[in-house]
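Good morning, and thank you for joining.

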Amino acid sequence: MSRSDGQPSRRRVLMGALALGAVAGTPGLAEAVTPSARETAARAARYVNPLVRNRADPHIFKHTDGYYYFTATAPEYDRIILRRSRTLSGLATASESVIWKKHTSGDMGAHIWAPEIHFIDGKWYVYFASAPANDVWKIRMWVLENASANPFTGTWTEKGRIATPIDSFSLDATTFVHRGTRYLLWAQSNPDVGNNSSIYIAKMANPWTITGPQVEISRPTYDWETRGYKVNEGPSVLQKNGKLFLTYSASATDANYCMGLLTASADSDPLAAASWKKSPQPVFTSNDTTKQYGPGHNSFTVAEDGRTDVLVYHARQYKDITGDPLNDPNRHTRVQTLGWKADGTPDFGIPVADGPAPDTTAATRYTMTAFTNSSESNMYVYESPDALTYTLLKGPAFTPPSELIRDPSIIKHTDGYYYIVYTTNWTGNTIGFARSRDRVNWTFVRNHTLPLAGVERTWAPEFFVDAGGSVNIIVSLDTTATPDYIFRPHLLTATNASLSSWTTPKPLTGLDKANYIDTFVVRHGGQYHAFTKQETTKYIEYATATSLGGPYTFRGTGDWAGWGSWREGPALVPLDNGGWRIYFDGYAEKKYYYSDSLDGFRTWTPIRQVPGLSGFARHFTVLKESV
C-alpha cells in the first residue's frame, strides 16, 4: 500500500479501465478448480537422509519390475555392491550383496570406482572404473554383463575395457538413449590441456563399445570448476521439457565439490559441442545452514508415483578433512525431490539437512489472498502447488459489510479456521478480520480499533505467528497528524485464543526512525528478518533482529537485491527446496514480481512477473500448507 496509490481519484480512473479488462478476460479470472482436483498431485515416498551411509557416487535405477536398484562406490575401493527395494526409503535397510570384486593382480586390480547399473536390451550392465594393480592411477572404464532377469543371480561376465580414441585417465561412464540412438558419456583427462578430466560423449555400437568420434563437450574453466583440481566428472542426463539436462561434478572432492549443468535442445545433435550450453554458476553446492558439504556425483531417478523426479547424490556432514579426501569414507548417499522452474529448467535447491524429509504423503498447497486492480472492496483467493502457478479458488470470495478490503494477510489458526486481517479504509484506526473453514466461504468477524491515540492511517496489517505460537500483527501506522504520509511499523500481539483482544501497538525499534511501510517479518535461522518498503525512496529494504520487537539492524538498503525502485507490499513464503520466495508489487508499472533466495536471504534471483496474475492481483500474502 503506497502513498501515491492512496489517491482515490487516481484509483477510480484506473479501476474503470481495469474493470473493462476483467470483463474481456483479465488474467487470473480462470474458472475455479475444486481443491480435491488439485490435491491429487504426485506424492513421493518418505525417507530419511543420509539414505545409505559410506556410499559415494550413488546410482539408483528404477526397473520395470518395480524395484529400485542401488550401487555406489564402497570406501574399500575393491568391490561392486548392489541393493534393491520396492521403495527408495527401503534401500537404507535393504540387504547388500557384493556382486564382483577386484582382481588380485593385473587389470581391474585397484580403485574400483563409481559403478552404475543399467538394463539394456534384456541384460544387466554395470559400468565402473578401475586401474591395474601395479599402476593404480592408470584408471580406465570397464563393463560387466549379466543375462539373468535378476541381477543378484546368474553370472557377471567381464565384457572388457571401453576403448576410447584418446587413451588417458577416464572414468564415470554412463549411458542414455536419445531418439533411438544410444550414447556414452564419461570423464577423461584431456592431454591437450592437462586437466584432470573433461566430459566426453560418443555413440555406442553395443553396450561395451563406442563408435565414431569422441567429442569433448565440457572442460573445467570456471573458478568453481578448478578449486583443488581442474575437474569435470560424474555426468548424468535427464531428458524433460524438450531439453537434455546434463549434470556433472567439479573441483576437488572436498567441500569445494559441486555440481554444474549443461543444457541442449532435444532437437540438437548431442555430438555437437555447440549444442551444449554451460550454466556459468554451479547449480548445487555446499551449504553451511544444512551442514552438507561437497554434494555431487549425482544420478536421477523417479519417485514411487512414477512422475516426481528425484535427485540422488553424495555429501559429507562436515567441511574440514585431514589428508586426501579420497581416504575419508564419510560420503553418504542422499536423495531429495528435484524441483522445476517456470521456464522448464531444473530447480536443484540446496542439499537438505540430515533427518526425515518432509512427509511427502502430503502435498504442498499455497493459498493466496489478494485484492485486485479492479476492486478494493472484494477479496480473491487463489491456490498453487508450487507458489508460482496460481488458479482462482473463488473470486470475489469475501466482501466486508462496509468500507474496503485491502492488503489481506492470511494464517491458519489453532481453532482450525483460516483468518485474514486487512486494511479497512484509507484513513482511520481500525483493522478488519474475517475467517473461513475452507478458504472459499468467508465470514466477517469484526473490526478492531487500535487503542493508540493520534492514529491517522492504519495500513497493511500482516499476520506473524511466532515459533512459540503467539499470533502477532505488524501494521503500518501514520500518527503524524499532518497531511504528510509518514508511517512506522507497529507490533500488536493477541492476548486470547479467539483473536478478539490485542495489545496496544508498539513501534518496531530500529524501523521507527524513517518512513517505513508494508513491513513483512519471517523467522529463519534463529533470527527475525524484516522486509519493508522505504516510502521515501520506494525501495524494499531488509533488516534483522534477535527479537520480534527489535531492535532491527539494516542488512540491505537501497537497491541491495537488484529489485529496483517503486516496489511495495513484500510477502515471503518458504519453498519446498529449502529456499524462500518474495513477492512484491511493481505498482508504477502495474506488474507483480517474485524473486527467490536459496542462501538465507543473502542473494536473490532476477525478478520475474508472477504468471497470470501480474497486473491484476494486488498486495497479497501466501500461506503454505501440507494437505
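Let me begin with the assignment of secondary structure: helices (H or I, at least four residues) and strands (E, at least two) are DSSP runs, numbered from the N terminus. On that basis, the protein has 2 helices and 43 strands. The radius of gyration is 28 Å, close to the 25 Å of the globule rule for 627 residues, so the protein is as compact as a globular protein of that length. Here the radius is taken over C-alpha atoms, and the rule is 2.2 Å times the number of residues to the power 0.38.

Two remarks on provenance. This is a predicted model, in which local features need pLDDT of at least 70 and side-chain atom pairs count only at pLDDT 80 or more, while totals for chains, interfaces and linings use all residues. Residues are numbered from 1 along each chain as its sequence is written, and side-chain values use heavy atoms, with hydrogens and water left out.

Along the principal axes, the C-alpha atoms fill a box of roughly 90 × 45 × 45 Å. Of the 627 residues, 55% are buried, where buried means under 20% relative accessible area, exposed over 50%, and partly exposed in between (1.4 Å probe, protein chains only). Taking contact as heavy atoms within 4.5 Å, 51% of the contacts between residues at least 6 apart in sequence join residues at least 24 apart.

How many of the residues of strand β8 are buried? In β8, residues 140-146, the count is 7 of 7. In a regular strand, side chains alternate between the two faces of the sheet. In β8, R140, W142, L144 and N146 lie on one side and M141, V143 and E145 on the other, and all are buried.

Finally, the neighbours of β8. Strand β7 (residues 123-131) pairs with β8 in the antiparallel sense over 7 bridges, and V143 is the bridge partner of Y127. Strand β9 (residues 157-161) also pairs with β8 in the antiparallel sense, over 4 bridges. There, V143 stands opposite G160, and E145 stands opposite T157.

Methods. Two strands pair if DSSP finds at least two bridges between them.
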